[in-house]
Amino acid sequence: MLSFKSGFTALAVGGALLLGQVLGQAPAQAQTKSAIDIATIGEPGPLDPVTVTSDLVSIITQHVFETLYAFDGKWEAAPLLASALPQISDGGKFYTIPLREGVKFHDGSTMTADDVVTSLNRWLKASPRGKLAAPAVDAVAAKDAKTVTIKLKQPFAPLLALLAMNNGAAAIMPKALAETTDTLKTYVGTGPYKIVEQKPDQYIRMARFDGYQSPPGAASGYAGARKAEIEELRFVPVPNATTRVDGMLAGQYQFADSLPTELAPKLKGAAGVEPIMVKPFGWALVIFNQKTGPMANPLVRQAAQAALTPEDMLLAAFGDPAFFEVEGSIYPKGTPFYDEASVKGYNQHDAKKAAALLKQAGYKGEPIKILTSPQYDFLYKMSLVAQQNLQEAGFTVDLQVLDWATLLSKRSDPGAWDAFFTYHTFVPEPTLITIMNPAYPGWWDTPEKKAALDAFNTDTDPAKRVSDWKAIQGLFYSQVPAVKIGEFYNLAARSKKLTGYTPVPWPFFWNVKVGG
């Protein structure tokens, strides 16, 4: 294993260019230890992979916690802690899941069926994604020490995809830890890395787990063999996107995520740096509060939909059309759930129509509290265009600019906001989209949506599910729980000394080597 000069040392040698700009500083490392510094968009908050659906938390915790299944390179579920795909019987209502043997937790104990049962029950109660599956689940049980069963009340087609998701994850942990009903404060998983140090606003340091038992098979997406080639990973919060770019160019970081697309030419011309475009990646959206406040009125939400200009927002956010597509279908072209016919209402930019809807709704100019964050530079730029669009249509806008952790915390309080900007990473199964969950902030839970989603989830015929999804997308555009802004592709960057990296929406660093 080659040693790698730490970012801290590189900064000291390279001069004071970035000194004072970088909020997070990684610790100096022994020169014999391979380590990398990964610049993230900010402080992640609690590292509970079950209760938190933040992408940043998922990126970090997927190195520590694992699930029974994972998505492979074709976005199909493949075994991870399970030893095979489930045997499904009783008309889709009974799952038998064999477990891999000899899997160790970071505390040295061996994973058993009891650990898995307790972990899955915690997920069903505590995870926003688990709560989607919970109404369909009758019981989770240990058939024997190596086998877990899930009995359903009715067929639930998205179950396997939910078990494979690394966000709001059905993470497997020791039984004693899984019995907690609180947000995790200690982190014991089966992953290739374990957390050894966490300093808020500075770094999260992970060490290679020497007792790790890799799944078999060739690496593919998030599935297959996992090998911790690098001894230490350090996730460093760097909220300023330009500072992340400067840190990459200075050699301080070996990977940086979510970079401003206007700086792509600067990265392309830099020695030792490889820009990365992840496509497909995600879609940006503004979500409305349907519980309280002005946006609880569907006419006001329809007015906002009529007023917004997705094309202008995307141009402001990304500049170069190579990084986005003005697309109303929630699923992109070329995917099974793509549908153009049910997106009526997208990209209207009709201030007169919006004003008429506001008048019909009886809107009296109450301030619309919109949450945004500069930590996601593109979301912040979109929110500025939206502010102008909405004001032109007659809205009174209170744009609140927050750090991302505060935004995440505040959006849980229905009385604290009316709309917030966010994005959703591409997922292969529509039920995994957070806004489909009635418990997700925004709280889309109308009888029509519930009936359509129930039909979609219980139907196991792929062709019928496509038809069901079109009905849900039609409701998305008529009930307006949110406005989709458009598709976009993520810009990241890696040091050319990193080899074996796989571009994926949630970047991971197993199977990655340091060389050069």
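**Entry 1**

I kept in mind from here on that the model is predicted. Gln290 sits in the loop between β12 and α9, the helix of residues 298-307. Leaving aside neighbours within four places in sequence, I found Gln290 in contact with Met295, Ala296 and Arg301, and also with Gly442, Trp443, Trp444 and Pro481.

I then followed the chain into α9, where seven of the ten residues are buried, so this helix is largely enclosed by the rest of the structure. I noted the buried ones as Val300, Arg301, Ala303, Ala304, Gln305, Ala306 and Ala307. What covers these residues? The cover includes strand β12, the helices α11 (351-361), α12 (377-393) and α15, and strand β17 (482-495).

As a general point, nonpolar side chains tend to be buried together in soluble globular proteins.

I picked Met382 out of that group and listed what it touches, not counting residues up to four places away in sequence: Ala284, Met313, Leu314, Ala317, Phe318, Phe421 and Ile485.

While in β12 I also checked Pro280, which has its place in that strand. The peptide bond that joins Lys279 and Pro280 is cis, with omega about 0°.

**Entry 1: The largest pocket**

I turned to the largest pocket, for which the volume comes out at about 530 Å³. Of the 20 residues that line this pocket, I noted Trp75, Phe337, Pro428, Glu429 and Arg465 as the closest to its centre. The elements that give two or more residues to the lining are α5 (159-164) and α15 (462-479), and the largest share, three residues, comes from α15. What kinds of residue make up the lining? I found that they divide into 14 nonpolar, two polar and four charged.

I moved on to Thr499, which lies in strand β18, residues 498-499. With a relative accessible area of 40%, Thr499 is partly exposed. Which residues does Thr499 contact, once its neighbours within four places in sequence are left aside? They are Asn511, Val512 and Lys513. Lys513 is 14 residues from Thr499 in sequence, yet their C-alpha atoms are 5.2 Å apart in space.

Asn511 has its place in the loop between β18 and β19 (513-514), and is partly exposed, with a relative accessible area of 21%. I noted that its phi is near 65°, a positive value in a residue other than glycine. In general, most residues other than glycine have a negative phi.

**Entry 2: The record**

Last, I looked up the UniProt record, an unreviewed entry, which places the feature "domain: Solute-binding protein family" at residues 78-427. Over that stretch I noted 27% helix and 23% strand, with the end C-alpha atoms 15 Å apart.

How values were computed. Residues numbered from 1 in each chain as written. Predicted model: local features only at pLDDT ≥ 70, side-chain atom pairs only at ≥ 80, totals over all residues. Heavy atoms only, no water. UniProt positions renumbered as here; feature names shortened; annotations may be inferred. Helix = DSSP H or I, 4+ residues; strand = E, 2+ residues; numbered from the N terminus. 1 Å grid on protein atoms, 1.4 Å probe; cavity = no way out; pocket = protein on both sides within 12 Å on 5 of 7 lines; lining within 4 Å. Points joined across faces, edges and corners; volume = space filled by probe spheres on them. Nonpolar A, V, L, I, M, F, W, Y, C, P; charged D, E, K, R; others polar. Contact = heavy atoms within 4.5 Å. Buried < 20%, exposed > 50% of the residue type's maximum accessible area, 1.4 Å probe, protein only.
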